[in-house]
Amino acid sequence: AKNEGRNNVRYYSSEMTTRALERVVMETSLRAGLKNGEFIVYFQPQVNGKENRLFGMEALVRWNSPTVGLVSPAVFIPIAESTGLIVELDRYVMKHAMTQIAQWYKEGLNPGILSMNLTMKQLQQKDFIEYLKTLLAETGCSIEWVELEVTEDQIMIHPDEAIDILREISRIGVKIAVDDFGTGYSSLSYLKKLPINKLKIDQSFVRELPDDEEDVAITKAIIAMAQSLNLDVIAEGVETAEQKDFLVQNGCINIQGYFYSKPKPADEIRTILIEGL
Ligand code: C2E
Ligand code: CA
Ligand code: CA
Ligand code: CA
(Lines give C-alpha, C1' and ligand atoms only; values in the text may rest on other atoms or scores of the structure.)
(Ligands and ions follow the chains in the order given, each with its own letter.)
Protein backbone atom coordinates (compact mmCIF):
# COMPACT_ATOMS: atom_id res chain seq x y z
CA ALA A 1 0.00 0.00 0.00
CA LYS A 2 2.89 2.28 0.87
CA ASN A 3 4.50 1.62 -2.49
CA GLU A 4 1.25 2.18 -4.30
CA GLY A 5 0.88 5.53 -2.57
CA ARG A 6 4.33 6.56 -3.58
CA ASN A 7 3.70 5.54 -7.16
CA ASN A 8 0.49 7.49 -7.21
CA VAL A 9 2.26 10.56 -5.98
CA ARG A 10 4.95 10.16 -8.57
CA TYR A 11 2.36 9.55 -11.29
CA TYR A 12 0.32 12.62 -10.45
CA SER A 13 3.27 14.91 -9.98
CA SER A 14 4.82 13.95 -13.30
CA GLU A 15 1.46 14.50 -14.99
CA MET A 16 1.16 17.91 -13.36
CA THR A 17 4.61 18.79 -14.60
CA THR A 18 3.72 17.70 -18.09
CA ARG A 19 0.60 19.84 -18.01
CA ALA A 20 2.44 22.83 -16.65
CA LEU A 21 5.07 22.37 -19.34
CA GLU A 22 2.43 22.05 -22.06
CA ARG A 23 0.87 25.23 -20.80
CA VAL A 24 4.13 27.15 -20.94
CA VAL A 25 4.89 25.81 -24.41
CA MET A 26 1.38 26.69 -25.54
CA GLU A 27 1.56 30.18 -24.06
CA THR A 28 4.87 30.81 -25.78
CA SER A 29 3.57 29.62 -29.14
CA LEU A 30 0.33 31.57 -28.75
CA ARG A 31 2.37 34.70 -28.19
CA ALA A 32 4.53 33.95 -31.23
CA GLY A 33 1.42 33.11 -33.24
CA LEU A 34 -0.08 36.50 -32.48
CA LYS A 35 3.11 38.21 -33.55
CA ASN A 36 3.32 36.15 -36.74
CA GLY A 37 -0.33 36.47 -37.71
CA GLU A 38 -1.14 32.76 -37.43
CA PHE A 39 -4.73 33.36 -36.35
CA ILE A 40 -7.52 33.31 -38.89
CA VAL A 41 -11.06 34.54 -38.47
CA TYR A 42 -13.81 32.22 -39.69
CA PHE A 43 -17.41 33.36 -39.96
CA GLN A 44 -20.57 31.38 -39.34
CA PRO A 45 -23.82 32.63 -40.90
CA GLN A 46 -26.77 33.52 -38.68
CA VAL A 47 -29.98 32.95 -40.55
CA ASN A 48 -33.64 33.90 -40.35
CA GLY A 49 -35.04 30.38 -40.40
CA LYS A 50 -38.45 31.49 -41.61
CA GLU A 51 -37.17 33.15 -44.77
CA ASN A 52 -33.83 31.30 -45.05
CA ARG A 53 -32.20 34.72 -45.17
CA LEU A 54 -28.74 35.48 -43.75
CA PHE A 55 -28.88 38.40 -41.30
CA GLY A 56 -25.47 38.24 -39.68
CA MET A 57 -22.49 36.15 -38.78
CA GLU A 58 -20.37 35.17 -35.80
CA ALA A 59 -16.60 35.57 -35.89
CA LEU A 60 -14.85 32.42 -34.66
CA VAL A 61 -11.09 32.35 -34.39
CA ARG A 62 -8.86 29.55 -35.70
CA TRP A 63 -5.19 29.01 -35.04
CA ASN A 64 -3.09 27.75 -37.92
CA SER A 65 0.07 26.81 -36.07
CA PRO A 66 3.10 26.06 -38.28
CA THR A 67 4.15 23.25 -35.94
CA VAL A 68 0.80 21.71 -34.98
CA GLY A 69 -1.54 22.68 -37.81
CA LEU A 70 -5.11 23.87 -37.29
CA VAL A 71 -5.87 24.12 -33.55
CA SER A 72 -9.40 24.32 -32.14
CA PRO A 73 -10.32 27.37 -30.05
CA ALA A 74 -11.66 24.92 -27.45
CA VAL A 75 -7.98 24.09 -26.83
CA PHE A 76 -6.29 27.47 -26.92
CA ILE A 77 -8.96 29.92 -25.73
CA PRO A 78 -8.87 28.57 -22.13
CA ILE A 79 -5.09 28.99 -22.08
CA ALA A 80 -5.33 32.44 -23.62
CA GLU A 81 -7.86 33.28 -20.89
CA SER A 82 -5.80 32.03 -17.97
CA THR A 83 -2.66 33.79 -19.21
CA GLY A 84 -4.38 37.06 -20.02
CA LEU A 85 -3.37 36.77 -23.68
CA ILE A 86 -7.06 36.69 -24.54
CA VAL A 87 -7.25 40.48 -24.40
CA GLU A 88 -4.70 40.84 -27.18
CA LEU A 89 -6.05 37.85 -29.12
CA ASP A 90 -9.62 39.16 -29.14
CA ARG A 91 -8.44 42.60 -30.23
CA TYR A 92 -6.70 40.90 -33.13
CA VAL A 93 -9.91 39.04 -33.99
CA MET A 94 -12.00 42.22 -33.68
CA LYS A 95 -9.67 44.13 -35.97
CA HIS A 96 -9.61 41.44 -38.66
CA ALA A 97 -13.33 40.65 -38.48
CA MET A 98 -14.37 44.31 -38.59
CA THR A 99 -11.98 45.02 -41.48
CA GLN A 100 -13.52 42.12 -43.41
CA ILE A 101 -17.13 43.11 -42.74
CA ALA A 102 -16.44 46.71 -43.77
CA GLN A 103 -14.77 45.41 -46.94
CA TRP A 104 -17.87 43.39 -47.85
CA TYR A 105 -20.15 46.37 -47.27
CA LYS A 106 -17.84 48.45 -49.50
CA GLU A 107 -18.24 45.81 -52.22
CA GLY A 108 -22.00 46.24 -52.00
CA LEU A 109 -22.54 42.89 -50.26
CA ASN A 110 -24.69 42.50 -47.15
CA PRO A 111 -23.02 40.48 -44.37
CA GLY A 112 -25.47 41.90 -41.79
CA ILE A 113 -24.50 42.05 -38.14
CA LEU A 114 -21.04 40.94 -37.03
CA SER A 115 -21.12 39.11 -33.71
CA MET A 116 -17.84 38.83 -31.79
CA ASN A 117 -16.97 36.79 -28.71
CA LEU A 118 -15.43 38.81 -25.91
CA THR A 119 -14.50 37.94 -22.36
CA MET A 120 -15.34 40.08 -19.33
CA LYS A 121 -11.61 40.64 -18.95
CA GLN A 122 -11.66 42.46 -22.28
CA LEU A 123 -14.67 44.58 -21.34
CA GLN A 124 -13.01 45.46 -18.02
CA GLN A 125 -10.04 47.05 -19.79
CA LYS A 126 -10.10 50.77 -19.04
CA ASP A 127 -9.46 51.61 -22.69
CA PHE A 128 -11.96 49.13 -24.19
CA ILE A 129 -14.52 51.66 -25.43
CA GLU A 130 -11.77 53.90 -26.75
CA TYR A 131 -10.22 50.91 -28.53
CA LEU A 132 -13.56 49.93 -30.04
CA LYS A 133 -14.19 53.47 -31.26
CA THR A 134 -10.72 53.63 -32.81
CA LEU A 135 -11.32 50.32 -34.58
CA LEU A 136 -14.68 51.50 -35.89
CA ALA A 137 -13.03 54.60 -37.33
CA GLU A 138 -10.00 52.75 -38.72
CA THR A 139 -11.91 49.92 -40.36
CA GLY A 140 -14.87 51.96 -41.58
CA CYS A 141 -17.18 49.59 -39.75
CA SER A 142 -20.45 51.16 -38.62
CA ILE A 143 -21.46 50.68 -35.00
CA GLU A 144 -24.88 49.28 -36.02
CA TRP A 145 -23.10 46.37 -37.68
CA VAL A 146 -21.47 45.24 -34.44
CA GLU A 147 -22.69 42.91 -31.70
CA LEU A 148 -20.71 41.54 -28.78
CA GLU A 149 -21.26 38.09 -27.29
CA VAL A 150 -20.49 37.56 -23.63
CA THR A 151 -21.20 34.25 -21.93
CA GLU A 152 -23.75 34.02 -19.16
CA ASP A 153 -21.05 32.41 -16.98
CA GLN A 154 -18.72 35.36 -17.37
CA ILE A 155 -21.44 37.87 -16.64
CA MET A 156 -22.52 36.04 -13.51
CA ILE A 157 -19.04 35.95 -11.92
CA HIS A 158 -19.51 39.60 -10.89
CA PRO A 159 -23.00 40.46 -12.09
CA ASP A 160 -23.16 43.95 -10.59
CA GLU A 161 -19.87 44.96 -12.14
CA ALA A 162 -20.99 43.39 -15.43
CA ILE A 163 -24.18 45.45 -15.40
CA ASP A 164 -22.17 48.68 -15.01
CA ILE A 165 -19.70 47.79 -17.76
CA LEU A 166 -22.32 46.53 -20.20
CA ARG A 167 -24.39 49.67 -19.62
CA GLU A 168 -21.44 51.85 -20.62
CA ILE A 169 -20.84 49.77 -23.72
CA SER A 170 -24.47 49.65 -24.80
CA ARG A 171 -24.72 53.42 -24.29
CA ILE A 172 -22.48 53.97 -27.33
CA GLY A 173 -24.85 51.85 -29.42
CA VAL A 174 -23.26 48.41 -29.43
CA LYS A 175 -25.61 45.44 -29.21
CA ILE A 176 -24.93 42.76 -26.61
CA ALA A 177 -25.89 39.08 -26.75
CA VAL A 178 -25.71 36.66 -23.82
CA ASP A 179 -23.90 33.58 -25.12
CA ASP A 180 -24.37 29.98 -23.91
CA PHE A 181 -27.61 31.04 -22.27
CA GLY A 182 -29.17 28.54 -19.91
CA THR A 183 -25.88 27.04 -18.75
CA GLY A 184 -25.12 29.74 -16.18
CA TYR A 185 -27.12 30.87 -13.23
CA SER A 186 -28.56 34.23 -14.03
CA SER A 187 -31.69 35.18 -12.19
CA LEU A 188 -34.57 37.02 -13.74
CA SER A 189 -33.83 40.03 -11.59
CA TYR A 190 -30.33 40.33 -13.08
CA LEU A 191 -31.53 39.65 -16.61
CA LYS A 192 -33.94 42.53 -16.22
CA LYS A 193 -31.12 44.87 -15.21
CA LEU A 194 -28.69 43.82 -17.91
CA PRO A 195 -28.59 46.11 -20.95
CA ILE A 196 -28.70 43.22 -23.39
CA ASN A 197 -30.40 42.73 -26.75
CA LYS A 198 -30.31 39.01 -27.28
CA LEU A 199 -30.23 35.60 -25.63
CA LYS A 200 -28.34 32.86 -27.37
CA ILE A 201 -29.77 29.43 -26.51
CA ASP A 202 -26.86 27.13 -25.76
CA GLN A 203 -26.30 24.29 -28.18
CA SER A 204 -26.51 21.68 -25.41
CA PHE A 205 -30.28 22.32 -25.27
CA VAL A 206 -30.63 22.19 -29.05
CA ARG A 207 -28.80 18.91 -29.65
CA GLU A 208 -31.65 16.61 -28.66
CA LEU A 209 -34.56 18.68 -29.89
CA PRO A 210 -37.36 17.85 -30.41
CA ASP A 211 -37.14 14.42 -28.69
CA ASP A 212 -35.76 15.24 -25.25
CA GLU A 213 -38.60 16.49 -23.06
CA GLU A 214 -36.33 18.42 -20.71
CA ASP A 215 -34.61 20.19 -23.56
CA VAL A 216 -37.96 21.00 -25.13
CA ALA A 217 -39.13 22.52 -21.84
CA ILE A 218 -35.92 24.50 -21.31
CA THR A 219 -35.88 25.81 -24.87
CA LYS A 220 -39.50 26.91 -24.69
CA ALA A 221 -38.85 28.58 -21.34
CA ILE A 222 -35.88 30.54 -22.71
CA ILE A 223 -37.90 31.68 -25.73
CA ALA A 224 -40.76 32.77 -23.44
CA MET A 225 -38.31 34.57 -21.17
CA ALA A 226 -36.78 36.42 -24.11
CA GLN A 227 -40.22 37.42 -25.36
CA SER A 228 -41.36 38.72 -21.99
CA LEU A 229 -38.13 40.68 -21.51
CA ASN A 230 -38.41 42.03 -25.05
CA LEU A 231 -35.14 40.43 -26.16
CA ASP A 232 -34.18 38.77 -29.40
CA VAL A 233 -33.38 35.09 -29.24
CA ILE A 234 -31.14 32.90 -31.39
CA ALA A 235 -30.39 29.20 -31.21
CA GLU A 236 -26.91 27.85 -31.90
CA GLY A 237 -25.75 24.38 -32.84
CA VAL A 238 -28.75 23.75 -35.10
CA GLU A 239 -27.82 20.79 -37.27
CA THR A 240 -31.05 19.29 -38.56
CA ALA A 241 -34.24 20.41 -40.29
CA GLU A 242 -36.23 18.98 -37.35
CA GLN A 243 -34.36 21.17 -34.87
CA LYS A 244 -34.75 24.21 -37.08
CA ASP A 245 -38.47 23.60 -37.63
CA PHE A 246 -39.10 23.06 -33.92
CA LEU A 247 -37.33 26.31 -33.04
CA VAL A 248 -39.03 28.39 -35.74
CA GLN A 249 -42.45 26.97 -34.86
CA ASN A 250 -41.87 27.82 -31.21
CA GLY A 251 -40.90 31.42 -31.83
CA CYS A 252 -37.12 31.30 -32.24
CA ILE A 253 -36.63 32.27 -35.86
CA ASN A 254 -32.93 33.15 -35.60
CA ILE A 255 -30.85 30.10 -36.34
CA GLN A 256 -27.12 29.36 -36.35
CA GLY A 257 -25.57 25.97 -37.01
CA TYR A 258 -24.30 23.39 -39.43
CA PHE A 259 -27.82 23.01 -40.84
CA TYR A 260 -27.22 26.27 -42.72
CA SER A 261 -23.45 26.50 -42.67
CA LYS A 262 -20.31 25.61 -40.75
CA PRO A 263 -17.97 28.44 -39.82
CA LYS A 264 -16.03 29.24 -42.99
CA PRO A 265 -13.08 31.36 -44.09
CA ALA A 266 -13.79 34.76 -45.62
CA ASP A 267 -13.51 33.72 -49.28
CA GLU A 268 -16.16 31.00 -48.84
CA ILE A 269 -18.45 33.37 -46.95
CA ARG A 270 -18.05 35.87 -49.75
CA THR A 271 -19.40 33.27 -52.18
CA ILE A 272 -22.41 32.75 -49.90
CA LEU A 273 -23.00 36.50 -49.81
CA ILE A 274 -22.99 36.59 -53.60
CA GLU A 275 -24.76 33.32 -54.44
CA GLY A 276 -26.87 32.80 -51.33
CA LEU A 277 -26.85 29.97 -48.78
P1 C2E B 1 -19.24 29.52 -28.93
O2 C2E B 1 -19.06 31.00 -28.87
O3 C2E B 1 -20.38 28.94 -28.16
O4 C2E B 1 -19.29 29.16 -30.46
C5 C2E B 1 -20.08 28.13 -30.99
C6 C2E B 1 -19.26 26.91 -31.28
O7 C2E B 1 -20.11 25.90 -31.81
C8 C2E B 1 -18.20 27.12 -32.35
O9 C2E B 1 -17.10 26.27 -32.03
C10 C2E B 1 -18.90 26.64 -33.61
O11 C2E B 1 -18.00 26.24 -34.62
C12 C2E B 1 -19.67 25.48 -33.07
N13 C2E B 1 -20.84 25.17 -33.88
C14 C2E B 1 -21.56 26.01 -34.65
N15 C2E B 1 -22.61 25.38 -35.21
C16 C2E B 1 -22.56 24.12 -34.77
C17 C2E B 1 -23.39 22.97 -34.98
O18 C2E B 1 -24.37 22.98 -35.71
N19 C2E B 1 -23.03 21.82 -34.35
C20 C2E B 1 -21.95 21.75 -33.53
N21 C2E B 1 -21.67 20.59 -32.94
N22 C2E B 1 -21.15 22.82 -33.29
C23 C2E B 1 -21.46 23.99 -33.92
P24 C2E B 1 -15.62 26.76 -32.17
O25 C2E B 1 -15.50 27.64 -33.37
O26 C2E B 1 -14.75 25.56 -32.06
O27 C2E B 1 -15.44 27.68 -30.90
C28 C2E B 1 -15.51 27.13 -29.61
C29 C2E B 1 -15.58 28.19 -28.57
O30 C2E B 1 -14.36 28.93 -28.52
C31 C2E B 1 -16.66 29.24 -28.83
O32 C2E B 1 -17.91 28.77 -28.39
C33 C2E B 1 -16.15 30.39 -28.00
O34 C2E B 1 -16.47 30.22 -26.66
C35 C2E B 1 -14.67 30.25 -28.17
N36 C2E B 1 -14.22 31.17 -29.23
C37 C2E B 1 -14.15 30.98 -30.56
N38 C2E B 1 -13.68 32.07 -31.19
C39 C2E B 1 -13.45 32.98 -30.22
C40 C2E B 1 -12.92 34.32 -30.21
O41 C2E B 1 -12.59 34.94 -31.23
N42 C2E B 1 -12.81 34.93 -28.99
C43 C2E B 1 -13.18 34.29 -27.82
N44 C2E B 1 -13.01 34.95 -26.67
N45 C2E B 1 -13.66 33.06 -27.80
C46 C2E B 1 -13.79 32.40 -28.98
CA1 CA C 1 -20.36 32.70 -29.23
CA1 CA D 1 -22.30 29.71 -27.55
CA1 CA E 1 -31.32 16.21 -21.58
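## Largest pocket

A pocket is an open set of points on a 1 Å grid over the protein atoms alone, where a 1.4 Å probe fits, with protein on both sides within 12 Å along at least five of seven lines; lining residues have an atom within 4 Å of a point. Its volume is the space filled by probe spheres set on the points, which are joined across faces, edges and corners.

This is a predicted model: local features need pLDDT of at least 70, side-chain atom pairs count only at pLDDT 80 or more, and totals for chains, interfaces and linings use all residues. Residues are numbered from 1 along each chain as its sequence is written, ligands are numbered from 1 in the order in which they are written, and side-chain values use heavy atoms, without hydrogens and water.

The largest pocket has a volume of about 860 Å³. It is lined by 35 residues; closest to its centre are Glu58, Leu60, Pro73, Asn117 and Asp179.

## Calcium site

Four residues supply the protein donors of the calcium ion (ligand 2): Glu58 (OE), Asn117 (OD1), Glu149 (OE) and Asp179 (OD). They lie 2.2 to 2.3 Å from the ion. Donors are N, O and S atoms within 2.8 Å of the metal (3.2 Å for Na, K and Ca); water is not among the atoms, so sites may look incomplete. Asp179 also bridges to the calcium ion (ligand 3), with the two ions 3.9 Å apart.

## Asp90

The C-alpha atoms of Asp90 and Asn117 are 7.7 Å apart.
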